[in-house]
Amino acid sequence: MASTASKRHRTSASVVPAQVNSQRGSEASDDYLKAVLKLSGPEERRVSSSDVAAHLKITGASVTKMLQKLSSATPPLVIYEKHHGVRLAEAGKKRALEIVRHHRLIETFLHQVLGYPWDEVHDEAERLEHFISERFEERIAAKLNHPAFDPHGHAIPSLDGSLPIDGSQTLAQISANQRVQVTSVSDRNPEMLRYLASQGIMPGIRIRITEQLPFRGAYRVLVGSSKQAILLSESLASAVFVSF
């Protein structure tokens, strides 16, 4: 009996790591596809492997290995040529947009229904986006009355994967004394989100740069109807997207 139990234990132990590794591999693939989608922009241009590595904060060798794996999948998820960059294949684009939809719906659900502050929803959504079923996604969308944007102002892909054309620019690209409206903010830095919220900067707010300090210094910005200017560093101004 002991021998049988030991054999069962060994069999079970050997199965679990394989399942975990498969799950982690799927998560990693999704992260690569999302990175290529973001970096390629609406023009769907080719992206260098070094840009992917910088975005994901991993080594170039790891990126090359994964891109080769994704390009040899059936069907291929990316189109990759060494020294010529990478772009999403049709199946990869579909999966990337599906994950982005999951992510932004989860962020919106956490914020609107569960009361999470906007600086905490990104990391939670990163963990959950790979695992929700299509039925659960539909339930979330219906509960939220099919939102068009997430808490940070990013468009949520529709069920068919379509996205509206984004004509926004960063605040750092805007000339002084032009009044603009915040459309979205980068969600990659929670501390930055907390600071922007403390200054009243969020999607829908109108702002105006009054001046940029010399030598590529900070921007003086009027927020809403306030007559008291605040200072935003160039990195903060580059993380705020606006339109006229």
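This is a predicted model: local features need pLDDT of at least 70, side-chain atom pairs count only at pLDDT 80 or more; totals for chains, interfaces and linings use all residues.

**Notes on the model**

1. Helices α2 and α3 are roughly perpendicular to each other, because the angle between them is about 110 degrees and the range for that class runs from 65 to 115 degrees. Their axes lie 9 Å apart, and the crossing is right-handed. On the α2 side the contact involves Ser49, Val52 and Ala53, which meet Gly60, Val63 and Leu67 of α3.

2. The protein has eight helices and eight strands. Of its 244 residues, 35% are buried. Among contacts with a separation of 6 or more, 60% are between residues 24 or more positions apart. The protein exposes about 14,300 Å², and carbon and sulfur atoms supply 53% of that area.

3. Helix α1 spans residues 2-40, and Ser29 is found in this helix. Is Ser29 buried or exposed? Ser29 counts as buried, because its relative accessibility is 12% and the cut-off for buried is under 20%. Leaving aside residues up to four places away in sequence, Ser29 touches Met66 and Leu70. Helix α3 covers residues 60-71.

4. Helix α4 (90-112) is packed against by the buried residues of α6. Those buried residues in α6 include Glu137, Ile140 and Ala141. Seen down the axis of α6, the buried residues fall within an arc of 100 degrees, so they line one face of the helix. An α-helix has 3.6 residues a turn, so residues three or four places apart point the same way. The face turned away from the buried side of α6 carries Arg135, Arg139 and Lys143, which are exposed.

5. How do α4 and α6 pack, in terms of angle and distance between axes? They pack at an angle of about 45 degrees, and their axes are 10 Å apart. That angle makes α4 oblique to α6. The crossing in which α4 passes α6 is left-handed. From α4 the contact is made by Glu98, Arg101, His102, Leu105, Ile106 and Phe109, and from α6 by Glu134, Glu137, Ile140, Ala141 and Lys143.

6. Helix α4 also packs with α5 (residues 121-128), the axes coming within 9 Å and crossing at roughly 130 degrees. The two helices are therefore oblique to each other. The crossing of α4 and α5 is right-handed, whereas α4 passes α6 in a left-handed crossing. In α4, the residues His103, Ile106, Glu107, Leu110 and His111 meet Val121, His122, Glu124, Ala125, Glu126 and Leu128 in α5. Ile106 of α4 is also listed in the contact with α6.

7. The next points concern the backbone. Most residues other than glycine have a negative phi, and most peptide bonds are trans. Which two residues does a cis peptide bond join? The bond is between Thr74 and Pro75, with omega of about -5 degrees. Pro75 is placed in the loop between α3 (60-71) and β1 (78-81).

8. Glu44 is not a glycine, yet its phi is positive, at about 55 degrees. Glu44 sits in the loop between α1 (2-40) and α2 (49-56). Is this residue buried, partly exposed or exposed? With a relative accessible area of 44%, Glu44 is partly exposed.

9. The place of His146 is the loop between α6 (134-143) and β3 (169-170). His146 is exposed, because its relative accessible area is 54% and exposed means over 50%.

Note on methods
Residues are numbered from 1 along each chain as its sequence is written. Side-chain values use heavy atoms; hydrogens and water are left out. Helices (H or I, at least four residues) and strands (E, at least two) are DSSP runs, numbered from the N terminus. Buried means under 20% relative accessible area, exposed over 50%, partly exposed in between (1.4 Å probe, protein chains only). Contact means heavy atoms within 4.5 Å. Accessible areas come from the Shrake-Rupley method with a 1.4 Å probe; for residues, only the protein chains shown count as cover. The arc is that of the directions from the helix axis to the C-beta atoms. Axes are lines fitted to C-alpha atoms, for helices over the stretch in contact, and angles run from 0 to 180 degrees between N-to-C directions. Angles under 35 degrees count as roughly parallel, over 145 as roughly antiparallel, 65 to 115 as roughly perpendicular and the rest as oblique. A crossing is left-handed if the near helix is turned anticlockwise from the far one by less than a right angle, and right-handed if clockwise.
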